[in-house]
Amino acid sequence: MHDSLKEIFPSFSNELIKEIEENAVFQSYKAGDVLMRTGQYINFTMMLTKGQIKIYREGENGGEFFMYYIQPGQACAISMICASKTQTSQIMAKAIEDIDLIMIPLPLMEKWMMEHRSWSDFVIFTYRTRFEEVLEVVDSIAFRAMDERLEFYLKRNSESCGCKDLKLSHQEIGTDLNTSREVISRLLKKMEQRGMVRLHRNHIELLGE
């Protein structure tokens with residue numbers, strides 16, 4: 001366990017990893033499981049060791065707005081903030097494939113901030129990284145047309161999985177970008193005509209660099 005955690009979280013000190021092994025809760029979830037809901041009180045933070053988690057906002061009408069993904073070796077900044085401030089979550093978190101999680105209770109989070117420099121550095125880095133990602137999303141909404149937002153969305157998904165073949169349906173993309181499937185299908189067709197993508201059933205192949 002020690003070696004695998006050190007590989008996933010290389011910046012953590014050996015002392016911190018030992019405390020994680022002895023005190024944290026290890027959980028597994030199936031693809032599609034909702035891990036965090038809007039309005040829920042959070043008393044732990046989630047650190048991912050396997051799989052991928054989708055973070056999104058849910059509107060009053062049930063619509064979804066995609067924010068970012070959590071990858072192995074990363075933590076959920078929102079859960080850190082909500083746990084430390086005893087606040088309810090304003091986002092949804094869902095496993096998009098089978099995942100393994102490390103759950104860090106609030107008392108340990110606060111204790112480690114004072115005792116482990118590698119933990120405090122990790123928390124600060126997580127906050128900064130997620131803030132920058134959210135800024136990118138805001139810029140995309142405020143300053144880009146839908147075709148540019150779609151290109152940005154596909155690029156982020158490609159970077160997230162480290163692949164060019166994205167297993168995404170037109171409906172799923174439309175939901176994430178808060179638009180209709182028909183709009184996405186039309187824009188993807190234009191991208192295909194421009195040689196940017198190749199469309200398949202329920203997956204999209206990105207072309208070029």
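**Entry 1: a cysteine to start**

I began with Cys-76, which comes out at 0% relative accessibility and so counts as buried. I note here that I am working from a predicted model.

**Entry 2: the disulfide**

Next I looked for disulfides and found one. Cys-161 and Cys-163 form the link, with their sulfur atoms 2.0 Å apart. The angle about the S-S bond is -90°, and the link of Cys-161 and Cys-163 is left-handed.

I traced an open sheet of four strands in the order 2-6-4-5, with antiparallel pairing. Strand 2 (34-36) and strand 5 (64-70) stand at its edges. Each has a single partner strand, so one side of each lacks a neighbour in the sheet.

Then I followed strand 2 to its partner. Two bridges join strand 2 to strand 6 (residues 92-95), and the two run antiparallel. I located Val-34 opposite Lys-94 in strand 6.

**Entry 3: strands 3 and 7**

I moved on to strand 3 (residues 44-50). How many of its seven residues are buried? I got six, so the strand is mostly covered. Six bridges join strand 3 to strand 7 (residues 99-105). These two strands run antiparallel.

**Entry 4: helix 5**

I checked the length of helix 5 (residues 117-143) against expectation. Its 27 residues, at 1.5 Å a residue, should span 39 Å. I find the end C-alpha atoms 38 Å apart, which agrees.

I then listed buried positions in this helix. Among them are Trp-119, Phe-122, Val-123, Thr-126 and Val-137. The buried set also includes Ser-118, Ser-120 and Ser-140.

Glu-133 and Arg-130 are both buried. They form a salt bridge, with the closest N and O atoms 2.4 Å apart. I counted their spacing in the helix: three residues, about one turn.

**Entry 5: salt bridges elsewhere**

I wanted the background first. Side chains of opposite charge can pair when their charged atoms come close. The count of salt bridges in this model comes to ten.

I looked up Glu-22 in helix 2 (residues 14-23). Which residue does Glu-22 pair with? I found Lys-18, with the closest N and O atoms 2.6 Å apart. Glu-22 and Lys-18 are four residues apart in the helix, so about one helical turn separates them. I compared their accessibility classes. Glu-22 has a relative accessible area of 52%, which makes it exposed. Lys-18 stands at 45% and therefore counts as partly exposed. The cut-off that parts them is 50%.

My next stop was Arg-198, whose side chain meets that of Glu-205 in a salt bridge at 3.1 Å, N to O. Arg-198 is partly exposed because its relative accessible area is 39%. Glu-205 is partly exposed as well, at 24%. I also noted a network: salt bridges that share partners join Glu-19, Lys-111 and Glu-115.

**Entry 6: the sheet 8-10-9**

I finished with an open sheet of three strands in the order 8-10-9, paired antiparallel. Which strands form its edges? I find strand 8 (165-166) and strand 9 (197-200), each pairing on one side only.

I went through the bridges of strand 9. Four of them join strand 9 to strand 10 (residues 203-206), with antiparallel direction. One pair I marked is Leu-199 with Ile-204, its bridge partner in strand 10.

Last, I looked at what lies over these strands. Helix 8 (residues 181-193) lies across strand 9 and strand 10. I noted its angle to strand 9 as about 130°.

Note on methods: Residues numbered from 1 in each chain as written. Predicted model: local features only at pLDDT ≥ 70, side-chain atom pairs only at ≥ 80, totals over all residues. Heavy atoms only, no water. Buried < 20%, exposed > 50% of the residue type's maximum accessible area, 1.4 Å probe, protein only. Pairing = 2+ DSSP bridges. Expected span 1.5 Å × (residues − 1). Contact = heavy atoms within 4.5 Å. Axes fitted to C-alpha atoms, helices over the stretch in contact; angles between N-to-C directions. Disulfide = S-S within 2.5 Å. Salt bridge = Lys/Arg side-chain N within 4 Å of Asp/Glu carboxyl O.
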